[in-house]
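Welcome! Here is a short tour of a structure that may be new to you. Please take a look at it before reading on.

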Amino acid sequence: TKHLAVFASGTGSNFDAIQQAIEEGALDSDITLVVSDVPTSAVIDKAKQKGLKTFVFNPQSYPNKRAFEIEIVEALQRADADYIILAGYMRLIGATLLHAYEGKIVNIHPSLLPSFKGLDAIGQAFDAGVKITGVTIHYVDEGMDTGRIIAQEAVKVEDTYGRDDLQRAIQAVEHRLYPTTIQTLLKQ
Ligand code: GAR
């Protein structure tokens with residue numbers, strides 16, 4: 001069975017979905033480490049409640065990205081992680097992590113890439129007035145939201161939707177698509 005390291009900065013609803021899929025036996029793996037750059041994030045509380053190992057760091061207490069990524073790689077190796085699953089990790093992955101886990105880092109982004117890269121993709125799509133947006137799961141490379149696409153699913157922006165409705169619709173798709181896509185990837 002493959003060991004996943006989940007990286008997250010916030011709420012962790014995608015972490016929940018992955019964790020639940022594992023508990024239900026729909027995803028044949030385990031979460032060996034939860035990494036967060038936000039010590040106060042809800043995802044870290046949830047991970048601890050589940051008894052999972054965590055690595056939490058404050059980027060501001062390091063001189064640069066390389067310095068904290070070296071420690072992350074050490075923690076990943078101690079935890080025997082096979083894949084890095086980014087689930088709302090709001091930080092660009094640097095060369096240190098990319099080289100240590102080449103081809104093993106996966107991200108979920110709340111738009112149909114290459115549209116609406118970067119921060120607040122849901123707000124960007126909503127403000128642009130598009131009628132279709134969606135969810136993308138992709139490999140991570142040195143760019144921002146530029147790596148090879150693994151899976152995508154469209155979400156219709158209904159005329160009645162406010163920004164929050166769109167967020168709900170997108171996250172519902174994320175919570176289904178991420179676990180099934182990871183499972184497919186692990187079986188390859
Ligand atoms: C998710 O919607 C994810 O697609 C997005 O952050 C949210 C995290 O929610 N990621 C990005 O925007 C990456 N650029 P969660 O903490 O509830 O899983």
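Contact here means heavy atoms within 4.5 Å. This is a predicted model, in which local features need pLDDT of at least 70 and side-chain atom pairs count only at pLDDT 80 or more, while totals for chains, interfaces and linings use all residues. Residues are numbered from 1 along each chain as its sequence is written, and side-chain values use heavy atoms, with hydrogens and water left out.

**Annotated sites and the pocket**

- An unreviewed UniProt entry gives the feature "binding site" at K65, M90, R91, L92, I93 and N107; UniProt positions follow the numbering used here, feature names are shortened, and annotations may be inferred rather than shown by experiment.
- From this set, M90, R91, L92, I93 and N107 belong to the lining of the largest pocket.
- A pocket is an open set of points on a 1 Å grid over the protein atoms alone, where a 1.4 Å probe fits, with protein on both sides within 12 Å along at least five of seven lines; lining residues have an atom within 4 Å of a point.
- The "binding site" annotation, again from an unreviewed UniProt entry, also covers G12, S13 and N14.
- G12, S13 and N14 are included in the lining of the largest pocket.

- L92 sits in the loop between strand 4 (83–86) and helix 4 (95–100); helices (H or I, at least four residues) and strands (E, at least two) are DSSP runs, numbered from the N terminus.
- With a relative accessible area of 42%, L92 is partly exposed, a class between buried (under 20%) and exposed (over 50%), using a 1.4 Å probe and protein chains only.
- Neighbours within four places in sequence aside, L92 is in contact with K65, E69, G143 and M144.
- N107 is part of strand 5 (residues 105–109) and is buried, at 8% relative accessible area.
- Again leaving out neighbours within four places in sequence, the contacts of N107 include L86, T136, H138 and Y178.

**A closer look at G12 and S13**

- G12 lies in the loop between strand 1 (2–7) and helix 1 (13–23), and its relative accessible area of 8% makes G12 buried.
- Beyond neighbours within four places in sequence, G12 touches V43 and K46 by the contact criterion.
- S13 belongs to helix 1 and counts as buried at 19% relative accessibility.
- Sequence neighbours within four places aside, S13 is in contact with K46, Q171 and H175.

**Helix 5**

- The buried residues of helix 5 (residues 121–128) are A121, I122, G123 and A125.
- Their cover includes strand 5, strand 6 (132–139) and helix 6 (163–187).
- After helix 5 comes G129, with a positive phi near 75°.
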